[in-house]
Amino acid sequence: AYSYLGLDGPADLSPIAEPSSNVRDVCQRSGRKVTNLLSVWGPCVRPELAETVVPHVGELLSMLSDTHDLVIVDTSSDWGDEAAATAQMCDRLILVSDERAGAIGSLSRAAALAVRLGVARTRIMRVMNRCDRRHRDEGFLARADVGLETARSFRVLDGDVEVAELLSAGHALDLAK
C-alpha cells in the first residue's frame, strides 16, 4: 500500500516488538501520513521480524480503532493466527475475490473459517472485484451466496485493466477518490 500511495518506504512496525517499548506510543508514531485523512501502518521493513510483531497486532488494532473512524486491514489469503484474530475483532469482514475459476471455493473456505472463529454471518460481506460487465453469470453469483448464506454481496464492475494501469502509474490516491 505504501508504494501505491506514493510513500518512499513502509511504516515499519518492528519497533513495536522491542521489549522496552511502550507499544501504544510506538504504534502511534509508526504510522506514515499520506494525506490529512489517510495514514498507513506496516509492514515490517525486515520481513523476518514480522513474527515478533504478531503478539502486538491486537493492541495496534485496538489503538487504531480508538483513534480512527475507519481501519482497513489487508491480510494475506493464508490466514494465520494474526489474520484470524483480526477477523474476530472486526466490525465488518469483507472478503474480496474475483470471477476467476476457483474463486468460489476459496471464498467459501474463508467464510467458513470466519464463522468457525465466531464472526457472525451478518458481519461478513462479499465483494466480487473486477467483474466483467458483459458477463452476468447469475448462477456463479448464486453459488457464491450459498457458502456465505446471509452475507451481503456486491459486484464491482469497474476495476479491470484500468486499475492496474492507474496503480502502476502512481495514481492510487486518484483511484481511491
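These notebook entries record what I looked up in the predicted model of this chain.

**Ground rules.** I am working with a predicted model, in which local features need pLDDT of at least 70 and side-chain atom pairs count only at pLDDT 80 or more, while totals for chains, interfaces and linings use all residues. I number residues from 1 along each chain as its sequence is written, and side-chain values use heavy atoms, with hydrogens and water left out.

**Overall layout.** I took helices (H or I, at least four residues) and strands (E, at least two) as DSSP runs numbered from the N terminus, and on that basis the chain has eight helices and five strands. Read from the N terminus on, the elements follow the order α-β-β-α-α-α-β-α-β-α-β-α-α. For burial I used relative accessible area with a 1.4 Å probe and protein chains only, where buried means under 20%, exposed over 50%, and partly exposed in between; 29% of the 177 residues count as buried. I then looked at contacts, meaning heavy atoms within 4.5 Å, and among those between residues at least 6 apart in sequence, 67% join residues at least 24 apart.

**Helix α1.** Which residues of α1 are buried? I noted Val23, Val26, Cys27 and Ser30, and they cover an arc of only 105° around the axis (taken from the directions from the helix axis to the C-beta atoms), which puts them on the same side of α1.

**Ser30.** Ser30 counts as buried because its relative accessibility is 10%. Not counting residues up to four places away in sequence, Ser30 touches Ala11, Asp12, Leu13, Ile16, Val40 and Trp41. For Ile16, which is 14 residues from Ser30 along the chain, I recorded a C-alpha separation of 8.5 Å.

**Thr86.** Thr86 belongs to helix α4 (residues 81-89), and at 11% relative accessibility Thr86 counts as buried. Once its neighbours within four places in sequence are left aside, Thr86 is in contact with Val57, Leu61 and Val73.

**Salt bridges.** I required a side-chain nitrogen of Lys or Arg within 4 Å of a carboxyl oxygen of Asp or Glu, and the count by this rule comes to two. One joins Asp8 to Arg32, with the closest N and O atoms 2.8 Å apart; since Asp8 lies in the segment before α1 and Arg32 in strand β1 (residues 32-35), the pair ties together parts that are 24 residues apart in sequence. Asp8 is exposed at 72% relative accessibility, whereas Arg32 is partly exposed at 25%. Arg46 and Glu48 form a salt bridge whose closest N and O atoms are 2.9 Å apart, with Arg46 partly exposed at a relative accessible area of 46% and Glu48 exposed at 52%.

How many residues of strand β4 (residues 124-128) are buried? I found that five of its five residues are buried, so the strand is mostly covered. Ile124, Arg126 and Met128 point one way from β4, Met125 and Val127 the other way. In general, the side chains of a regular strand alternate between the two faces of the sheet. Two strands pair if DSSP finds at least two bridges between them, and I noted five bridges joining strand β3 (residues 93-97) to β4, with the two running parallel. The bridge partner of Ser97 in β4 is Met128. Together with helix α5 (residues 103-116), β3 and β4 make a right-handed β-α-β unit; right-handed here means that, with the strands pointing away from the viewer, the path from the first strand over the helix to the second runs clockwise.

**A cis peptide bond.** I found a cis peptide bond between Gly42 and Pro43, with omega about -5°. Pro43 sits in the loop between β2 (38-40) and α2 (50-53). For comparison, most peptide bonds are trans.

**Cysteines.** I searched the whole structure for disulfides, defined as a pair of cysteine sulfur atoms within 2.5 Å, and the search found zero. Cys44 counts as buried at 12% relative accessibility, and Cys90 counts as buried at 16%.
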